[in-house]
Amino acid sequence: MTASAPAAEGITIAPTAIVCRDAILEGNVTIGDNCIIHPLAIIRAKSGPILIGANNIVEERAIIENRNTDGKPMVIGDGNTFEVQSQCRALCIGRNNVMGVRSELEDGCVVLDDCTLGVGCRVVAGQTLDVRSVVFGSDSVHRIAADGVLANTTQLELLRVLLPSYHYLQKSSTGAK
Amino acid sequence: MDLPVVTYEKEEYVETASGNKICKKNTIASNTIFGTQNIIISGKTIIQKDVILRGDLAVIRIGRYCIVQRGTIIRPSLKQFVRKPTMFPVTIGDSVFVEEECVINAAYIGSFVHVGARSVLGRACTIKECCRVLPDSVVSADAVFPPFSTIGGNPARIVGQEPECTENLMVEATTMYYDNFVPSNLPKASFA
Amino acid sequence: MATLLQSRLVKYKCSCDEWSALSDLFYCKHCRALKCRGCSSNEIDMLFCPSCLENSSVTEARLKKYRCMSCNECPKCGRLLAVRTANEKFYLVCIGCRWTTRETDTPDQQASSQWPMQENPYEEEIQNVIEKMRGLANIEKAQRDQRDLKKRPMNSGYRLTDKFGLQQMYERRRKTFEKATVDVPVHEPVDPTPFSLDFLSAKPRPTLDQIMRQPLAGDQPPKPVHVALKSRKSIRCSCQHTLVKLEYGPSTIKYKLNMFARNFIPEVRLSRTPNLKAGNENWVMISLTNHTSCKLDLTLTPESGEGLMNCSTGEIALNLPFAEDSSDLLGTEKRSDNEAVVFRQRHRVGIRLDVSQVAEDAPPLGLMMNLRLDDSFIQTPLTKNEETKPSDEPQWLAIPVRLTLQDS
């Protein structure tokens with residue numbers, strides 16, 4: 001089931017990325033190398049473009065939406081994981097972050113590197129999360145961790161093997177196959 | 001209170017030979033169940049609308065008389081073994097009632113468990129038999145909960161003890177729910 | 001489930017005059033009465049760790065201060081700590097808040113199960129004081145023994161063979177004359193009192209949860225906390241017969257003995273949400289289910305009294321078959337039903353009760369259930385003597401039931 005279909009206009013997908021056909025991509029979206037977008041993920045570049053870096057994982061029902069009023073692009077770095085039903089409307093996200101299940105990043109916030117957002121936690125609008133911050137608990141308590149986050153490379157490798165055999169994929173509408 | 005009769009549109013559900021009733025017409029996407037060859041549902045189980053079952057990642061085993069309500073996501077999670085990382089299969093026992101909008105990454109949910117609405121069961125956690133997970137609770141990854149515990153809060157802790165006859169109660173509730181889950185165009189039963 | 005079926009709305013009266021839901025009640029065959037948790041005694045059946053599900057005996061647990069040696073909790077957020085390896089040594093990591101043991105002064109350990117516990121800084125002093133108290137207790141015992149052993153005869157012969165135990169008695173009496181001295185260090189009063197005003201400083205204080213989890217931490221960096229053991233209970237009636245006992249094993253749900261009330265008493269449940277308006281002509285639908293393994297013969301009488309709903313339906317006599325009863329499939333049994341009985345389905349019966357309500361908020365509905373006790377309800381004694389001949393009269397058990405109609 002490795003049939004791939006071209007995606008809609010304005011969506012650029014790197015050749016090594018795996019984007020399931022059931023993922024919903026709208027607007028001007030650029031997906032970097034080795035990314036994995038699970039089915040039923042929603043990436044909406046409503047008011048501005050979204051640039052997703054390499055090695056990211058976007059799980060199902062995660063919403064990445066660009067609602068910036070001034071049309072600024074949303075830049076997402078490398079190695080991030082957006083877990084199930086997380087909502088990301090941030091301005092800019094660094095590297096190696098983990099957005100937990102049902103976490104919310106409100107409009108205009110900035111997340112630097114190596115951060116972890118726990119389940120259901122939210123980062124309010126305009127806030128900046130420092131390097132290696134951890135947000136956890138029901139009250140979204142912040143603290144700085146000493147160790148870095150484990151990279152998601154093992155998960156990426158596993159998913160690269162599993163997903164293409166069960167899903168139809170989307171490929172870039174412009175450029176190489 | 002006796003469980004009320006819940007009707008469904010006959011066209012929206014598939015009824016299998018073993019009595020499973022699985023919704024095929026969802027609102028969020030055309031197909032929410034992936035990897036059906038890896039999903040084993042024992043019989044008389046109800047899978048309602050918008051339930052996402054990620055059988056493509058690993059095997060999902062669901063027992064008899066289970067009810068998975070609308071909007072739940074059941075997804076196997078990564079198990080970090082040193083030699084060979086794999087996706088850990090999800091095993092759900094018999095007579096398990098999973099309410100709406102839950103996110104289940106658990107490795108094992110025992111029989112006769114009632115999972116409340118909007119709860120999140122973390123990666124590879126183990127909920128033993130006859131437990132009850134309160135609504136909106138967040139069970140942390142790799143947690144293990146002994147039988148008969150009432151689990152609640154974020155991070156989830158044991159907040160109470162379930163009655164001893166939970167097994168009988170869950171069997172009764174799930175069989176009653178299954179018997180009362182009928183297509184809407186059937187003639188109405190006299191009093192049920 | 002109790003919440004799915006809302007069984008908390010219907011309460012039965014226990015033999016101790018307390019009202020409980022049927023799922024919290026038990027039936028004692030010897031006393032022939034309902035028992036609730038309040039009037040029965042609980043005893044600890046087994047102690048086990050909730051995360052590794054390993055059981056331990058009571059003495060073992062007491063030595064380890066009722067904590068599991070292999071499982072640890074994060075001192076910051078209370079989640080279970082995961083073990084990670086680095087250079088053949090282990091360190092612990094919390095998944096939720098990413099606290100690691102590397103933030104404390106303890107180095108990585110060789111074995112993952114022996115993590116050092118928080119030590120009490122006054123542990124040694126306390127042990128010394130306990131030893132001194134023991135010494136004092138021995139002195140007092142010696143004085144008492146001196147008085148008691150004076151009465152015994154003392155023969156200083158029989159040194160080699162202690163035939164009559166007299167040598168032991170002699171030794172014991174001799175010991176009481178040894179003066180044991182105890183020197184307790186006197187604690188001098190210190191002036192001024194060593195009470196620091198540190199709490200006013202700006203450094204981050206541990207939260208109340210963190211302090212309660214680890215009271216001995218003080219100002220030091222917190223260490224991983226061993227998980228507290230949980231206990232499993234078995235329930236015993238006041239007549240000393242066991243009512244509920246689980247099988248051996250921390251993760252079993254099978255019972256060696258289960259005298260649940262629902263195995264003997266039919267369950268009354270509200271069938272539909274009652275639509276009550278002030279005035280007459282309301283009705284409440286209830287259903288009666290027989291979960292037992294034998295046929296039940298009972299009469300249901302609505303009670304109209306003070307504080308209870310006015311119910312105009314009369315006494316209803318019912319014969320409830322059990323779930324697997326096949327005797328009525330042949331159609332041989334004719335049941336003349338009361339007009340209040342709305343439907344019958346194997347072991348379930350639906351009853352409509354006519355109620356009238358004067359005030360705005362509905363009082364609870366009271367019912368009296370009279371159950372005929374046959375042989376399965378009674379513990380027949382093993383030896384038949386004259387006094388305990390089973391009587392020919394059928395015995396009845398009266399159980400008052402209360403239904404809460406309005407969730408206030």
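In chain A of this predicted model, the mean positions of the 15 positive and 19 negative charges are 4 Å apart. Chain B carries 20 positive and 19 negative side chains, and here the centres of the two sets lie 8 Å apart.

The secondary structure of chain A consists of one helix and 21 strands. Its radius of gyration is 15 Å, close to the 16 Å that the globule rule gives for 177 residues, so chain A is as compact as a globular protein of that length. Taken along the principal axes, the C-alpha atoms of chain A fill a box of roughly 45 × 35 × 20 Å. Of the 177 residues in this chain, 53% are buried. The accessible surface of chain A comes to about 7,000 Å², and carbon and sulfur atoms account for 53% of that area. Among the contacts in chain A with a separation of 6 or more, 26% are between residues 24 or more positions apart.

Chain B can be described along the same lines. One helix and 25 strands are found in chain B. A compact globule with 192 residues would have a radius of gyration near 16 Å, and the 16 Å of chain B agrees with this. The C-alpha trace of chain B spans about 55 × 40 × 25 Å along its principal axes. Buried residues make up 64% of the 192 residues in chain B. As for contacts in chain B between residues at least 6 apart in sequence, 32% join residues at least 24 apart.

Some details of the backbone are worth a visit. Most residues other than glycine have a negative phi, and most peptide bonds are trans. Leu40(A) is not a glycine, yet its phi is positive, near 65 degrees. Leu40(A) sits in the loop between strand S5 (36–37) and strand S6 (42–52) of chain A. With a relative accessible area of 4%, Leu40(A) falls under the 20% limit and is therefore buried. A positive phi is also found at Asn55(A), about 60 degrees, although this residue is not a glycine. Asn55(A) lies in the loop between S6 and strand S7 (57–58) of chain A. Its relative accessible area is 25%, so Asn55(A) counts as partly exposed. In chain B, the peptide bond between Asn154(B) and Pro155(B) is cis, with omega about 0 degrees. Pro155(B) belongs to the loop between strand S23 (149–152) and strand S24 (157–161) of chain B.

In chain C, attention turns to Asn290(C), a residue in the loop between strand S15 (279–289) and strand S16 (296–303). Asn290(C) has a relative accessible area of 0%, which means that it is buried. The side chain of Asn290(C) makes a polar contact of 2.6 Å with the side chain of Thr292(C). A polar atom of the Asn290(C) side chain also lies 3.1 Å from the backbone oxygen of Leu320(C). Leaving aside residues up to four places away in sequence, Asn290(C) touches Lys295(C), Leu296(C), Leu320(C), Pro321(C), Phe322(C), Ala323(C) and His347(C).

Conventions. Residues numbered from 1 in each chain as written. Chains lettered and ligands numbered in written order. Predicted model: local features only at pLDDT ≥ 70, side-chain atom pairs only at ≥ 80, totals over all residues. Heavy atoms only, no water. Helix = DSSP H or I, 4+ residues; strand = E, 2+ residues; numbered from the N terminus. Rg over C-alpha atoms; globule rule 2.2 N^0.38 Å. Buried < 20%, exposed > 50% of the residue type's maximum accessible area, 1.4 Å probe, protein only. Contact = heavy atoms within 4.5 Å. Areas by Shrake-Rupley, 256 points an atom, 1.4 Å probe, with all protein chains shown as cover. Lys, Arg positive; Asp, Glu negative; His and termini not counted. Charge placed at Lys NZ, Arg CZ, Asp CG, Glu CD. Polar contact = N/O pair within 3.5 Å; in protein donor to acceptor, adjacent residues only side chain to side chain.
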